Amino acid sequence: QVQLVESGGGLVQAGGSLRLSCAASGSIFSMNTMGWYRQAPGKQRELVAAFTRGGSTNYLDSVKGRFTISRDNAKNTVHLQMNSLKPEDTAVYYCHLINYYVYTMVNDYWGQGTQVTVSS
């Protein structure tokens, strides 16, 4: 089992910034990826930013240039720095971890989610 604990959500005005953090613990494989998804009311969950197995990053088009994902491998933590926030960024943000064995996905885990609300 893997536990993902998120923090850093909250209420912010448009144009403001927030930094989300996710700390992973438990049965974490040496090959794993971590990322952030979000889900707004009435909408499907979508990828916001994530690391690939090769170490590169993927971003949702609408957050490129505003959000930055970073990772501390020694601490098994991932952060999402969100700048120039917009009301449409309002959603519950979820941390996600995938364990791989020889490039094959073995299992994946989700955090409990943290609410981000951006007021106009």
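**Entry 1: Thr 33.** I started with the neighbours of Thr 33, skipping those within four places in sequence. In this predicted model, Thr 33 is in contact with Phe 51, Thr 52, Arg 53, Arg 71, His 96, Leu 97, Ile 98 and Tyr 100. Thr 33 sits in strand β4. Is Thr 33 buried or exposed? I get 7% relative accessibility, so I write it down as buried, the cut-off being under 20%.

**Entry 2: Trp 36.** I stayed in strand β4, where Trp 36 is also found. Its relative accessible area comes out at 0%, so Trp 36 is buried. I then checked Trp 36 against Ala 50: they are 14 residues apart in sequence, and their C-alpha atoms are 6.0 Å apart in space.

**Entry 3: aromatic rings.** Next I looked for ring pairs. How many aromatic pairs does a search of the whole structure find? I count 2. For Tyr 37 and Trp 110, the ring centres are 4.9 Å apart and the planes stand at 70 degrees; edge-to-face needs over 60, so that is what I call this pair. This pair ties together distant parts of the chain, with Tyr 37 in strand β4 (residues 31-39) and Trp 110 in strand β10 (residues 104-110), 73 residues apart.

I looked up the exposure of both partners. Tyr 37 has a relative accessible area of 21%, so it goes down as partly exposed. Trp 110 is partly exposed as well, with 36%.

The other pair is Tyr 94 with Trp 110, again edge-to-face, at 6.5 Å centre to centre and 90 degrees between the planes. Here too the pair links distant parts of the chain: Tyr 94 is in strand β9 (residues 91-101), Trp 110 is in strand β10, and 16 residues separate them. Tyr 94 is buried, with a relative accessible area of 14%. I noted Tyr 37, Tyr 94 and Trp 110 as one aromatic cluster.

Entry 4: A reminder to myself before the backbone check: most residues other than glycine have a negative phi. Ser 84 is not a glycine, yet its phi is positive, about 50 degrees. Where is Ser 84? I found it in the loop between β8 (77-82) and β9. Ser 84 is partly exposed, with a relative accessible area of 42%.

Tyr 103 also gets a flag: phi is positive at about 65 degrees, and Tyr 103 is not a glycine either. Tyr 103 lies in the loop between β9 and β10. At 55% relative accessibility, I list Tyr 103 as exposed, because the cut-off is over 50%.

**Entry 5: Val 116.** From Tyr 103 I jumped to Val 116, which is 13 residues away in sequence and 33 Å away in space, C-alpha to C-alpha. Val 116 belongs to strand β11 (residues 114-119). What does Val 116 touch, not counting residues up to four places away in sequence? My list reads Gly 9, Gly 10, Leu 18, Leu 20, Met 82, Asp 89, Thr 90, Ala 91 and Tyr 93. Val 116 has 0% relative accessibility, so it counts as buried.

**Entry 6: the whole chain.** I zoomed out last. Residues 24 or more positions apart make up 56% of the contacts with a separation of 6 or more.

On size, I checked the radius of gyration against what a compact globule of 120 residues would have, near 14 Å; the chain has 14 Å, so the two agree. The box filled by the C-alpha atoms is roughly 45 × 30 × 25 Å along the principal axes.

Buried residues are 41% of the 120. The chain exposes about 6,400 Å², and carbon and sulfur atoms supply 49% of that area. For charges, I have 10 positive and 7 negative side chains down, with the centres of the two sets 3 Å apart.

Key
Residues are numbered from 1 along each chain as its sequence is written. This is a predicted model: local features need pLDDT of at least 70, side-chain atom pairs count only at pLDDT 80 or more; totals for chains, interfaces and linings use all residues. Side-chain values use heavy atoms; hydrogens and water are left out. The radius of gyration is taken over C-alpha atoms; the globule rule is 2.2 Å times the number of residues to the power 0.38. Buried means under 20% relative accessible area, exposed over 50%, partly exposed in between (1.4 Å probe, protein chains only). Contact means heavy atoms within 4.5 Å. Accessible areas come from the Shrake-Rupley method with a 1.4 Å probe; for residues, only the protein chains shown count as cover. Lys and Arg count as positive and Asp and Glu as negative; His and the chain ends are not counted. The place of a charge is taken as NZ of Lys, CZ of Arg, CG of Asp or CD of Glu. Rings of Phe, Tyr and Trp (its six-membered ring) pair if their centres lie within 6.5 Å; planes under 30 degrees apart count as stacked, over 60 as edge-to-face and the rest as tilted. Helices (H or I, at least four residues) and strands (E, at least two) are DSSP runs, numbered from the N terminus.
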